[in-house]
Structure formats: C-alpha cells, structure tokens
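The following note concerns the aromatic rings of the structure shown below. It is arranged as numbered points.

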Amino acid sequence: MNNFIFHSPTKFVFGKDTEKEVGQLLKSQKAKKVLIHYGTGSIKRSGLFDRVVKSIEEAGIEHVELGGVVPNPRDTLVYEGIELCKKENVDFVLAVGGGSTIDSAKAIAAGAKYEGDFWDFYARKAQMEDALKIGVILTIPAAGSEGSQSAVITKTDGMLKRGLNSPFYRPQFSIINPELTYTLPTYQTSAGVVDMMGHIFERYLTKSENTLFIDRLAEGTLVSIIEAGKKLMDEPTNYDARAIICWAGTIAHNGFFGVGRVEDWASHGLEHELSALYDVTHGAGLSVIYPAYMKYTLEEDIEKYKRFAIKVFGVDSTNKTDMQIALEGISELESFYEEMGMPTRFEGIGAKEEDIDKLVNKLQENAGKTFGNFKKLTMEDAKKIYELACA
Ligand code: NZQ
Ligand code: ZN
C-alpha cells in the first residue's frame, strides 16, 4: 500500500425526507444568499424544487435560481451563473440534481471568486485559489460528484470536454434521499450503475502492489451494485436497492477506493471524447468502452482479471485456463450491461468507426501523447481500443 492522504470533508446527510434539512444545513454554513442551480425540469415536475425553497425560506436565507443545466454541462451556462452570483452577491451555490448540475455549480462557485475566465482553470492556465461554498441535493446516483473533488465541463466552442480536480470542489454537505431517485428513467438508472462501477474499475485496475484490502472492499461493493441494479430493473421503487446504489455511487468516487495506489482513468479519458463528439450519456459511453479496454489490457495482469471474474461474477474456474476465466469475467460484465439495457458497441450510441481518427486527435489534445496508468496507452493503443469497441 502506497502512502496516502484521504480527506473527504463533505457532510453526507442520507435518508428519507432529508432534503427538508437543507435550510438548517445552509444556516450552519452561515449562508446568506444562495444560488439554487438545477437541470431541465425534473426537480420542478417532482415537487422537489418547492420543498427546497420552502426549507430555505423557513431558515431565513435569501435565494436566486438558475436552471437549464443539460447533461454534459456547458460553459455557456457557467458564465451566466458566475455573472448572476457576482451581481447578486451570492455566497453559497446549492446544486439540486445530478452530476451535470453539480459540476456546473462547482464551476460557477470557482468562477464567482475569480476575476479572469473560469476556463483558465480547465485550460491549466491558472490555479484555483478560492471558490464559493457548495452544497448538493442529489437526484441521480451516478457521477459521484456529490463527494468528489472533480467537475467536468464542456466548452461549447469546439465541444471540448475537460475535467478538473480541486479541493475547493468538495461540497460542504450532500443530501442523499434515495426516494428522490424513484422518478429516474430506467436508462439513467442503468447509466448511473455503469458509471459508479467504472469509478471503482479505474482504481481497481492498478499496477500498485499490496492492494488486496481495498480490492476486496471494491469487489464486495461491485457485487452489491450489480445485485441492486438488477433489482431496480423490476422494482424501481425498491427503497433498499435505491439506497445501496446511492451510497455505493458516492463512495465509488469520493477517493476511498483509490487510497494507497496509482489510479488509472484511461477508460474515462476514452469515453469523454465520445460524449464530447456525440453528446451521449456518460454511462452509456462507458459501457461501450470498458469491455474493449479490458480485453485490450487483459495481458497486463491476467491474475487480476481472473480474480475479478471469480469474485465479482462468480465465474466457475474448474478446468479452465486463467485466460479463459479472465475472458469469461469480461463477457459477464458485457452481459450485465446488456441486461441493464446499456449499449456495448459503437453503433449502440450512434458512434461511427470512420470518426476514430477524429476521436484520437481530440484525445491527444486533451491528454497528451500517453495516458492511463494501468497500461500506459499511446494514441495507437487508443485507436485499437476504439476499434475493438466497434467489433
Ligand atoms: O435535467 P434534469 O431535468 O435534472 O434531468 C436529468 C438529466 O436529463 C435526469 N434526472 C436527474 N435526476 C432525475 C432525473 N430525471 C428524473 N428524476 C430524477 N430524480 O437525468 C439526466 C442525467 O442527469 P446528469 O446530471 O447528466 O447525470 P449524471 O449524474 O450521470 O452526470 C453526468 C455528468 O457527470 C460527469 C459526466 O461526464 C457527465 O457530464 N462526471 C462527473 C464526475 C465528477 N464530477 O466527479 C465524474 C464522472 O466520471 C463523470 O465524468
Ligand atoms: Zn464517470
């Protein structure tokens, strides 16, 4: 196990009706004027918006609102949010929604405390030194942004999708009520499951040594996500299954599974180019990438892939070679994605083989000549993985 620092300062408030506590939580943060940031309407249709406003007003806190965040959130709305915060003297940004809304809120919080263009942070031209405080009410377990130090924004000009990590991006609090996720379309529930599993894969696949303790916890978490995910296909209002998915999604990406090891993140890099070019749901892009990535990197650590097959999918190892067992694990993963209604090939997300060069060029712009840590990938490797994802 490598040396590490793990600092996850977010207060998580979990369970039924917890959104009603938002006013008091904001008060404890000494918030005076809050920006309520949200997406394209689900929180208004469900009545959540009204409950949030009531709780904030009862706590005697002022608010302004800005909706309209789209999946793969854009810089254009971030600029609008920054202007609004500066004009209205907002001192706290509350995201009510999923990863896209939370990420947009994080970028607004950073930009509101910066004189220049917030994109400077994403272009690595400036270092964030301050940000408004951020709070979250989560409505979709997926991206893990409610506990992460990251925010991914798409620059509309050129459709550049870029991620950024900063300690200022850790929310002060995140409210997670599994009941708020009952209204999710099945596709979004499934995409969320794929994404949170991916956040574990990015840490599980490592060249660091002596990682067995966290690996076992990761395998157990993956088993629980798979079980609960399957249950939700038939019972979308099963509270316990929703609760497992919600909490698993948060710990999958708050850094816990990454301690003591070098993380990978190659598959996320490959996927971000898909969602930038085709504007596909992040989880759907990932279910296309992971089987291809895993097949391509199989020989990096057959033992690990064999372990994954046996521990996560219960593959029977009798009379099989290590390679056969490992391949069976990847094939089980693909079958699970399919059972969840997720695509596993380019055509399932409307991606085209003839665009591969374009994807690779954009990837190089973002990542440089090599990327990933489990296997250091070149652009030639990236091309081959995209090709495998077409086959
Ligand atoms: O816009 P609304 O009306 O809210 O609808 C959303 C949206 O259409 C809908 N939705 C959310 N909660 C709902 C609901 N519909 C009904 N009932 C509810 N309770 O679901 C759709 C997807 O929402 P979105 O916020 O885009 O989902 P997700 O959480 O998957 O976020 C995806 C974004 O997060 C980024 C992705 O790249 C993508 O841009 N990521 C962020 C990370 C981070 N900050 O740490 C890490 C991830 O790896 C990921 O890259
Ligand atoms: Zn992700």
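1. Phe308 has a relative accessibility of 2% and therefore counts as buried (under 20% relative accessible area; exposed is over 50%, partly exposed in between, with a 1.4 Å probe and protein chains only). The model is predicted: local features need pLDDT of at least 70, side-chain atom pairs count only at pLDDT 80 or more, and totals for chains, interfaces and linings use all residues. Residues are numbered from 1 along each chain as its sequence is written, chains are lettered from A and ligands numbered from 1 in the order in which they are written, and side-chain values use heavy atoms, leaving out hydrogens and water.

2. The rings of Phe308 and Phe313 form an edge-to-face pair, because their centres are 5.8 Å apart and their planes lie at 85 degrees. Rings of Phe, Tyr and Trp (its six-membered ring) pair if their centres lie within 6.5 Å; planes under 30 degrees apart count as stacked, over 60 as edge-to-face and the rest as tilted. Phe313 also counts as buried, at 17% relative accessibility.

3. Which residues do ring pairs link into a cluster? They are Phe201, Tyr204, Tyr290, Phe308 and Phe313. Tyr204 is buried, with 2% relative accessibility.

4. Two lysines require comment. Lys304 lies over the face of Tyr204, at 4.5 Å from the ring centre, and the charged end of Lys44 sits over the ring of Phe49, 4.3 Å from its centre. A charge sits over a ring if NZ of Lys or CZ of Arg is within 6 Å of the ring centre and within 35 degrees of the ring normal.
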